[in-house]
Amino acid sequence: MAELAIRGGAPVRPQGYPEWPVHDERDVEAVAAVVRDGRWGGFPEPGPRAAEFAARFAAYQGAAHGVVMSNGTVTMEVALKALGIGWGDEVLVPALTFAATPYAAMAAGALPVFCDVDPSTLTIDPEQAEAAITPRTRAIMPVHLGHQMADMDRVMEIARRHSLAVVEDCAHAHGQRWRDRGAGAFGEFGSFSHQSHKLLTAGEGGSLLCDDEELARRAHSLIDCGRPKDPEGRHYTFGANYRLGELHAALLLVALERFEAQRAERAANAALFQKLAAGIPGVRLLPPDERITRWSFYRYVVLIDPEAFAGAGNALVCQALEAEGVGAWEGYEPMSRYDLFQPGLSRLPVAVEHARRLDPARMSFPVAERAGLREAVYLDENVFRAGAAGVEDAIEALAKVQRQAAELTAA
Ligand SMILES: Cc1ncc(COP(=O)(O)O)c(C=O)c1O
């Protein structure tokens, strides 16, 4: 008889984990208040609730300005455009991230240049980033992946030495701090997603943080069809409508009230997880960098050794964990798996070079490929919101899947 739930055995945690997003009557009331007062949209930009949320969230992360918009993809496109980055420019992006990061570079007209990731954090490898700099490079986009942050000491040092802008993709990093400085408050811009699964959500939405008033103005203008935002009302940009409506902003304000308690709970339970997981054969932990001074994470990443799992890779192990009642996901494919070639770019003078550099057959990112295609297991945030018992069940599920892994790969 099979033991693993995926093969018909009894699951370790049939009751699952707490639902996400957390909501109660406060959310209902907040939305009802917007409906009643009749100001539903994001125009004139910013709406009062959008402005209030942006200011509060920026202060929480430690940035001077916040600009709220429709999602955490256009935030990065707007950041690059506000910096004047576009046709013919190159932007350094880690090879292990969501498609949104390189998409933003392309949407601005720039070429994303991929760099492999550091095996101890799965975030951009600063050595590789520096080696990829050319006279056309204008920015680095570190992505704070899973429960880690990119090495912001090295990223900022390289950026300053080569006069590059830094746009942080903080879609996983609401609440994180590096040496007591908030994620998103290091470079020229920090981008956050408020999409349904993210730690601070209204179903959709994005925040762009920055310290520079003029850059903030340009971002406001770019998301508001180019309307001028300077005091004299003279400076138009060429923008689209990426405004966020007030219904979403109202939900974000309530979510922000709950955020810090949720963050602290996850961090405490993840510390217990790290203690208990240390003995599971074939499971490697990626301890959070010691320079992370306030820990927060969207998903907690462990690496499995497929040999210790009877040859099963991360995708199959995640399916087995899901069947045991533990939310798990194999994460992003490396960028060499994506069809990145955009026909529009072939009309550029640099077309041949663009096509060559976006050809997946020419890309090689051993660390990102191993993690993305075989080893990475991202545990859902709610695994860490169910107390010590929730953590112990996740440990038991992981240990059980490893012990019984032969059931996964048997013909
Ligand atoms: C790393 C990363 N960057 C960017 C995004 C884009 O955010 P959104 O879905 O809000 O556009 C996401 C998630 O969706 C993400 O995980």
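These legends walk through close-up views of a ligand and the pocket around it in a predicted model. Local features need pLDDT of at least 70 and side-chain atom pairs count only at pLDDT 80 or more, while totals for chains, interfaces and linings use all residues. Residues are numbered from 1 along each chain as its sequence is written, and side-chain values use heavy atoms, with hydrogens and water left out.

**View 1. Meet the ligand's neighbours.** Sixteen residues surround the ligand, and the closest are T73, D169, S193, K198 and Y332 (near means that a heavy atom of the residue lies within 4 Å). Sorted by class, this shell holds six nonpolar, eight polar and two charged residues (Ala, Val, Leu, Ile, Met, Phe, Trp, Tyr, Cys and Pro count as nonpolar, Asp, Glu, Lys and Arg as charged, and the others, Gly among them, as polar).

View 2. An oxygen atom of the ligand is 2.6 Å from an N or O atom in the T73 side chain. The Y332 side chain has an N or O atom 2.7 Å from an oxygen atom of the ligand. For D169, a side-chain N or O atom is 2.7 Å from a nitrogen atom of the ligand. Taken alone, the ligand exposes 380 Å², and the protein buries 92% of that (Shrake-Rupley method, 1.4 Å probe).

**View 3. Where does the ligand sit?** Its place is the largest pocket (more than half of its atoms lie within 2 Å of the pocket's grid points). A pocket here is an open set of points on a 1 Å grid over the protein atoms alone, where a 1.4 Å probe fits, with protein on both sides within 12 Å along at least five of seven lines. About 300 Å³ of space lies in this largest pocket (the space filled by probe spheres set on the points). It is lined by 22 residues, and F98, S193, Q195, K198 and Y332 are the closest to its centre (lining residues have an atom within 4 Å of a point).

Methods
Polar contact = N/O pair within 3.5 Å; in protein donor to acceptor, adjacent residues only side chain to side chain.
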